Amino acid sequence: MSNPFGKPSEESLTTFPSLRKHWQFPNVMLPSDGLILMLLLLYTPVGLCLMLLRIFIGVHIFLVSCALPDSFVRRFIVRVMCSVLGLHAKQNNLHLRDKNVKLYVSNHVTQFDHNIINLLTSCHTPLLEGPSGFVCWARGFMELGTVTGSRAELAQTLRGYCAVPGALPLLLFPEEDTTNGRAALLKFSSWPFSVADTVQPVALWVKRPFIAVNVPESSWLTELLWTFFVPFTVYQVRWLPPVQRHDESHQEFAKRVQELMATEMGVVATRITKADKAEHIKRKRHTVSHTTHLDVAARPRTGAQDPRVVLMAQQVKEVLPDVPLSVITRDLLQTNCVDTTITNLLESTEQHHTEPAEAAPSGPSQPLTSTTPAVPAPPPALKPAAKTFGKSPSDRHVSLQDRKAALYDYARRRYIEKHGLDREEDS
């Protein structure tokens, strides 16, 4: 994908059904399975009480983490206290972690991934988006001061930070957005791999019962409340061997690390970017909103069996007897106006099958008058449509007006003949 901020490729979104299914309905966290939903309803009173209790405990954990200096003792105490909140962190392959590496890169599942990894090892995660200040500090992000420019300027600032002796490692998320971590990895951005020539990949899995782990467009506060509501949330961290950049570009280095992590996690390394995901969610939201609007608009109508629609269809049929009744009814259900339907059918270029004319009643009961001709007059000729499409807009407009005038005149004559009106008086 040459333009990472352009429109997403429908082929890339439909190639991975599980990833597309996860992004299909934003802000839907409840399970779709009936049995699990019933268990969730039974658990709800317990979950609400547990959430209120954990909010109270969480305030104390926050105060303890602020009071104690950054050390192994502090991380151990906070990690044990977080288990009361239902946050359980596990790690594998700890022997592969290199203390000399200044840059950790991880897949992004929840908005608290950096907090969990920080419980296992000391590291800093810079704030890339969102307001700075107390909320940024309280969530465990590192503020970058006046850096508000491009990603190139940000990478240069982080390179300077890593060059400082004794600086803690940085934790970056090259996906730049969250996924459920079970289907695929978003395309890794190249700028994090320009910060250091050696990176330590970190594979992350998150599991919890009842509620979806990650939902698009969900705020961090909503995720935190759901985390307090469910019985537990398990974070599984696996350290991968450090990867060093060879004679390759930053983009190639990012792609190689992405494929390595995808293979380790058993998922797909996609070319779907953060912008693609946002555009896909926007399209789905617009589609659902448009479908809901159409359903609400069509609800008062009762279809072709509505007496009012049948009456209007008969009125249109008197003016346009050659148009099938089904076509008239379908247009009336959309316009709800006789005049608009007549105009639409006259201007329509669709070819309709002409309905056979109704047979004239026969038998002795048919009255004969001297004013009625014995032999019916031949139907007036209808001017056909132009055989060629006009080259200029003016020619096409003139052709359309001529055809409309011919159709109006044809419908008027048929109406006069049907009701036996005097043409001179009517004119």
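This note sets out, point by point, the main features of a predicted model.

1. Overall make-up. The protein contains 15 helices and eight strands. Of its 427 residues, 36% are buried. Where contacts join residues at least 6 apart in sequence, 74% of them link residues at least 24 apart.

2. The second largest pocket. The space in the second largest pocket comes to about 1,100 Å³. Its lining consists of 35 residues, and Phe-62, Ser-65, Asn-115, Ala-138 and Arg-139 are the ones nearest the centre of the pocket. Sorted by class, the lining residues of the second largest pocket are 24 nonpolar, seven polar and four charged.

3. Helices around that pocket. Five helices each contribute at least two residues to the lining of the second largest pocket: H3 (34-67), H4 (72-84), H5 (113-120), H6 (134-138) and H8 (220-229). The contribution of H3 is the greatest, at seven residues.

4. The whole structure holds ten aromatic pairs. In one of them, Phe-72 and Phe-76 have ring centres 6.5 Å apart and planes at 20°, so this pair is classed as stacked; the cut-off for stacking is an angle under 30 degrees. Phe-72 and Phe-76 are four residues apart in helix H4, and therefore about one helical turn separates them. Both Phe-72 and Phe-76 are exposed.

5. The pair Tyr-104 and Trp-239. The ring centres of Tyr-104 and Trp-239 are 5.3 Å apart with the planes at 75°, so the pair is edge-to-face. Because Tyr-104 belongs to strand S2 (residues 103-106) and Trp-239 to strand S6 (residues 233-239), the pair ties together parts that are 135 residues apart in sequence. Tyr-104 has a relative accessibility of 1% and so counts as buried; Trp-239, at 0%, is likewise buried. Trp-239 also has a charged neighbour: Arg-97 lies over the face of its ring, 5.6 Å from the ring centre.

6. An aromatic cluster. Tyr-43, Phe-210, Trp-226 and Phe-229 together form one aromatic cluster.

7. Thr-178. This residue is located in the loop that runs between strand S3 (170-172) and strand S4 (184-185). Its relative accessibility is 10%, and Thr-178 therefore counts as buried, the limit being under 20%. Apart from neighbours within four places in sequence, the residues in contact with Thr-178 are His-108, Val-109, Thr-110, Asn-214 and Lys-277.

8. Strand S4 includes Ala-184, which has a relative accessibility of 1% and so counts as buried.

9. Gly-160 is part of helix H7 (residues 151-162). With a relative accessible area of 40%, Gly-160 is partly exposed, because that value falls between the 20% limit for buried and the 50% limit for exposed. The C-alpha atoms of Gly-160 and Val-195 are separated by 8.7 Å, and the two residues are 35 apart along the chain.

10. Positive phi at Asn-93. Most residues other than glycine have a negative phi. Asn-93 is not a glycine, yet its phi is positive, at about 55°. Asn-93 is placed in the loop between strand S1 (87-92) and S2. Its relative accessible area is 29%, so Asn-93 is partly exposed.

11. Positive phi at Asn-336. Asn-336, again a residue that is not a glycine, has a positive phi of about 60°. The loop between helix H12 (325-335) and helix H13 (338-347) contains Asn-336. At a relative accessible area of 36%, Asn-336 counts as partly exposed.

Note on methods. Residues are numbered from 1 along each chain as its sequence is written. This is a predicted model: local features need pLDDT of at least 70, side-chain atom pairs count only at pLDDT 80 or more; totals for chains, interfaces and linings use all residues. Side-chain values use heavy atoms; hydrogens and water are left out. On a 1 Å grid over the protein atoms alone, a cavity is a set of points where a 1.4 Å probe fits but cannot get out, and a pocket is an open set with protein on both sides within 12 Å along at least five of seven lines; lining residues have an atom within 4 Å of a point. Grid points are joined across faces, edges and corners, and a volume is the space filled by probe spheres set on the points. Ala, Val, Leu, Ile, Met, Phe, Trp, Tyr, Cys and Pro count as nonpolar, Asp, Glu, Lys and Arg as charged, and the others, Gly among them, as polar. Rings of Phe, Tyr and Trp (its six-membered ring) pair if their centres lie within 6.5 Å; planes under 30 degrees apart count as stacked, over 60 as edge-to-face and the rest as tilted. Buried means under 20% relative accessible area, exposed over 50%, partly exposed in between (1.4 Å probe, protein chains only). A charge sits over a ring if NZ of Lys or CZ of Arg is within 6 Å of the ring centre and within 35 degrees of the ring normal. Contact means heavy atoms within 4.5 Å.
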